[in-house]
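Subject: Structure for your review

Dear colleague,

Please find below the structure that I am handing over to you.

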Amino acid sequence: MDRISDRFSQKMRQLYGKDAALTVSVDDSRYKFAIRASGSGSSGVDRMTLFCFDLTMLEEGITTAHHPDFLVHDSSVFDGVDPRQRAGALQFAQSMVESTGGQYICTINSNDVPDEVLDQEWFRAGVFALFWIQRLEAFSDESSSASSRRRRGPTS
């Protein structure tokens with residue numbers, strides 16, 4: 001547990017410049033995680049605390065082969081987070097998954113993506129890949145519908 005707590009603290013310091021501690025206790029029925037972070041209570045800090053916890057669990061899972069090697073967030077993880085911190089978090093996630101071989105997926109409105117991230121090659125490549133996946137799925141659906149209409153024959 002010390003390794004996980006250290007990873008979490010390191011991520012909070014690196015991303016947010018805040019001291020943080022992750023402790024785990026065990027009772028008869030479950031694990032209890034407690035997180036203390038400087039500045040907690042602020043919406044942005046609390047969201048980034050969750051973000052760092054999730055990235056810590058992803059990294060731990062990948063290194064111990066006990067995780068599906070991906071993490072998915074929706075845009076609410078960035079609610080109340082300053083755009084500079086949002087950019088730092090997205091870049092931090094990219095750097096981490098690049099070094100661990102994991103995958104980070106975030107559904108976020110394009111107008112909420114900071115400009116310094118929009119300009120990054122890794123971001124553009126990911127958006128480009130997603131665009132083509134969506135196009136291929138649409139093409140597949142269109143082909144499937146046309147094939148189905150040909151089998152049924154003309155309608156009267």
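I begin with a pair of charged residues. The side chains of R84 and D82 form a salt bridge, with a nitrogen-to-oxygen distance of 3.1 Å. Please note that the model is a predicted one. R84 counts as exposed because its relative accessibility is 62%, over the 50% cut-off. D82, with a relative accessible area of 30%, is partly exposed, because that value falls between the 20% and 50% limits.

In total, the structure holds five salt bridges. Among them is the one in which the side chains of E60 and R3 meet, at 2.3 Å from N to O. R3 belongs to helix α1 (residues 2-16) and E60 to helix α2, so this pair ties together parts of the chain that lie 57 residues apart in sequence. E60 is buried, as its relative accessibility is 9%, whereas R3, at 47%, is partly exposed.

E60 also meets the side chain of R7 in a salt bridge, here at 2.7 Å from N to O. Through shared partners, salt bridges join R3, R7 and E60 into one network.

I turn next to the strands. Strand β1 (residues 20-26) pairs with strand β2 (residues 31-37) in the antiparallel sense, over seven bridges. The two strands form a hairpin, and four residues lie between them. Within this pairing, L22 has I35 of β2 as its bridge partner.

I35 leads on to another residue, T49, which it touches. Where is T49 placed? T49 is in helix α2, which covers residues 43-64. Is T49 buried or exposed? T49 is buried: its relative accessible area is 8%, and therefore under the 20% cut-off. Leaving aside residues up to four places away in sequence, T49 touches F8, M12, I35 and A37.

With kind regards

Methods:
Residues numbered from 1 in each chain as written. Predicted model: local features only at pLDDT ≥ 70, side-chain atom pairs only at ≥ 80, totals over all residues. Heavy atoms only, no water. Buried < 20%, exposed > 50% of the residue type's maximum accessible area, 1.4 Å probe, protein only. Contact = heavy atoms within 4.5 Å. Pairing = 2+ DSSP bridges. Salt bridge = Lys/Arg side-chain N within 4 Å of Asp/Glu carboxyl O.
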